[in-house]
Amino acid sequence: MPEGRSRQKLRTRRALIEAAVALIREGRTVTIAEAAEAADVSLATAYRYFSSPQELLQETRLLVRTPDFTADLPADPAERLDTLISRVAEFQLGDEAMWRTLVRVSLERWSAQHEHGQEGGEPEIPTRNQTRLGFTRTALEPLADTLPPELHRRLTMAVTLVYGVEALIATRDACGLDPEEARDVMRWAASALLEKAVREAPDA
């Protein structure tokens, strides 16, 4: 393929993805037709790049630049964890529509795989990555030599439950909290879990 044609295809693909991101942030339902119109691309061309809205939405992750929330964390474990939770919550609460849409896409992929993906023995595509778990492990790393391995692992998994997009949805929808209180509840929950783990440590 000539280089110019290849670059044009990349530009078209990116234009469609950027259009989908803009639609999400406007709170609109993303369809191939809507994205094509917003990107000034013909519908037929758009379908050559993305066969379904779900496929297009999955690609929007490429434009969601997640900062390194673990950069320059304090040395104290409690302060490290609180800083991490605050950073993630503020970032996601600042762009709720995008994160809610990404959750919906993940759930739709899970449903599709469990309805059809088992046929033919094809391997499943992970519906979510483990980025948040990695953040939690980094924040709690100073406690690795203080807590027994099983307790440290239990704390890591428990903390991962109380922040992130699922916690955002629970605090905002089920609890009816405003963004600031939602963030503070996530911070409090993570702190309470850490304190409990430290109390349960044999040498505490």
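Threonine 70 touches Leu84, Arg87, Phe135 and Thr138, with residues up to four places away in sequence not counted. The model is predicted. Threonine 70 sits in the loop between α4 (53–59) and α5. Its relative accessibility is 16%, so threonine 70 counts as buried; the cut-off for buried is under 20%. The side chain of threonine 70 also makes a polar contact, at 2.6 Å, with the side chain of aspartate 68.

In soluble globular proteins, nonpolar side chains tend to be buried together.

Arginine 132 links several of these elements by contact. Arginine 132 belongs to helix α7. Beyond its neighbours within four places in sequence, arginine 132 is in contact with Thr160, Tyr163, Gly164, Val165 and Glu166. Two polar pairs involve its side chain. In one, a polar atom of the arginine 132 side chain lies 3.0 Å from the backbone oxygen of tyrosine 163. In the other, the side chains of arginine 132 and glutamate 166 make a polar contact at 2.4 Å.

The pairing of α8 and α10 was examined next. Two packed helices are described by the angle between their axes and the distance between the axes. The axes of α8 (residues 149–161) and α10 (residues 179–200) come within 10 Å. They cross at roughly 170°. Angles over 145 degrees count as roughly antiparallel, and α8 and α10 are therefore roughly antiparallel to each other. On the α8 side, the contact is made by Leu151, Leu155, Ala158 and Val159. On the α10 side, Ala190, Leu193, Leu194, Ala197 and Glu200 take part. By class, eight residues of this contact are nonpolar, none is polar and one is charged.

Terms used
Residues are numbered from 1 along each chain as its sequence is written. This is a predicted model: local features need pLDDT of at least 70, side-chain atom pairs count only at pLDDT 80 or more; totals for chains, interfaces and linings use all residues. Side-chain values use heavy atoms; hydrogens and water are left out. Axes are lines fitted to C-alpha atoms, for helices over the stretch in contact, and angles run from 0 to 180 degrees between N-to-C directions. Helices (H or I, at least four residues) and strands (E, at least two) are DSSP runs, numbered from the N terminus. Angles under 35 degrees count as roughly parallel, over 145 as roughly antiparallel, 65 to 115 as roughly perpendicular and the rest as oblique. Contact means heavy atoms within 4.5 Å. Ala, Val, Leu, Ile, Met, Phe, Trp, Tyr, Cys and Pro count as nonpolar, Asp, Glu, Lys and Arg as charged, and the others, Gly among them, as polar. A polar contact is a pair of N or O atoms within 3.5 Å; within protein, one must be able to donate a hydrogen and the other to accept it, and residues adjacent in sequence count only if both atoms are side-chain atoms. Buried means under 20% relative accessible area, exposed over 50%, partly exposed in between (1.4 Å probe, protein chains only).
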